[in-house]
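Here are my comments on the model, as numbered points. Please read them with the structure open.

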Amino acid sequence: MAQWFRKGCVLAVGLWAVALPVMSVTPALADEGDDEEGSKGPDMHKLAAKPPLPKAHKDFSKFRFIPQGDKVQEQADSNRLLFWTPDGRPDGYAQRRGSGIIYYNAQGQVTRVQRLDASEMADD
């Protein structure tokens, strides 16, 4: 039993002797890598400010009923237009669904449905 214990201690000391120089050298190598600009990856703040993906673009010319005087904000990814009053309050939205465009008020209730004919549907 004592022989197994001695072998275990010798093995542990041997591993420690090998691991100690490796652990002490690693921070020194990391400090040298910080000085080089080429080895760094892209800054996450810069990537978030200007994403590399192109913005989605949709044709919203078929949306006919836009409240007068409202500012329009496009949401191309969800095929929707948001309407805002001149003082910045939400005034509703319009969304393309199948063969029509549905207009909603600020409370989310349907106010108007615009049916699209075959020629307007073929443009998509």
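1. The side chains of Arg 89 and Asp 87 meet in a salt bridge, with 3.1 Å from N to O. The term stands for a side-chain nitrogen of Lys or Arg within 4 Å of a carboxyl oxygen of Asp or Glu. By this rule the count comes to one salt bridge. Both Arg 89 and Asp 87 are exposed; on the scale used here, buried means under 20% relative accessible area, exposed over 50% and partly exposed in between, with a 1.4 Å probe and protein chains only.

2. A word on the basis of these values. This is a predicted model, in which local features need pLDDT of at least 70 and side-chain atom pairs count only at pLDDT 80 or more, while totals for chains, interfaces and linings use all residues. Residues are numbered from 1 along each chain as its sequence is written, and side-chain values use heavy atoms, with hydrogens and water left out.

3. How many aromatic pairs does a search of the whole structure find? The search gives three. Rings of Phe, Tyr and Trp (its six-membered ring) pair if their centres lie within 6.5 Å; planes under 30 degrees apart count as stacked, over 60 as edge-to-face and the rest as tilted. One of the pairs is Phe 60 with Phe 63, edge-to-face because the planes are at 65 degrees, with the centres 5.3 Å apart. Phe 60 and Phe 63 are both buried.

4. Phe 65 and Tyr 103 also form an edge-to-face pair, since their planes are at 80 degrees; the ring centres are 5.7 Å apart. This pair links distant parts of the chain, 38 residues apart: Phe 65 is in the loop between helix H2 (44-49) and strand E1 (71-75), and Tyr 103 is in strand E4 (residues 100-104). Helices (H or I, at least four residues) and strands (E, at least two) are DSSP runs, numbered from the N terminus. Phe 65 is partly exposed at 35% relative accessible area, whereas Tyr 103 is buried at 3%.

5. Two arginines have their charged ends over rings. The criterion is NZ of Lys or CZ of Arg within 6 Å of the ring centre and within 35 degrees of the ring normal. Arg 112 sits in this way over the ring of Phe 65, 4.1 Å from its centre, and Arg 80 over the ring of Tyr 93, 5.4 Å from its centre.

6. Is E4 enclosed or open to the outside? Five of the five residues of E4 are buried, so the strand is largely enclosed by the rest of the structure. Gly 100, Ile 102 and Tyr 104 cover one side, and Ile 101 and Tyr 103 the other, all of them buried.

7. E4 pairs with strand E3 (residues 90-97) in the antiparallel sense over five bridges; strands pair if DSSP finds at least two bridges between them. Tyr 93 has Tyr 104 as its bridge partner in E4. The E3 and E4 hairpin has two residues between the strands, and Gly 98 in the turn has a positive phi of about 60 degrees.

8. Five bridges also join E4 to strand E5 (residues 110-115), again antiparallel. Here Tyr 103 has Arg 112 as its bridge partner. Five residues lie between the strands of this hairpin, where Gly 108 takes a positive phi near 90 degrees.

9. Arg 64 lies in the loop between H2 and E1 and is partly exposed at 48% relative accessibility. Leaving out residues up to four places away in sequence, Arg 64 touches Tyr 103, Gln 114 and Glu 120, where contact means heavy atoms within 4.5 Å.
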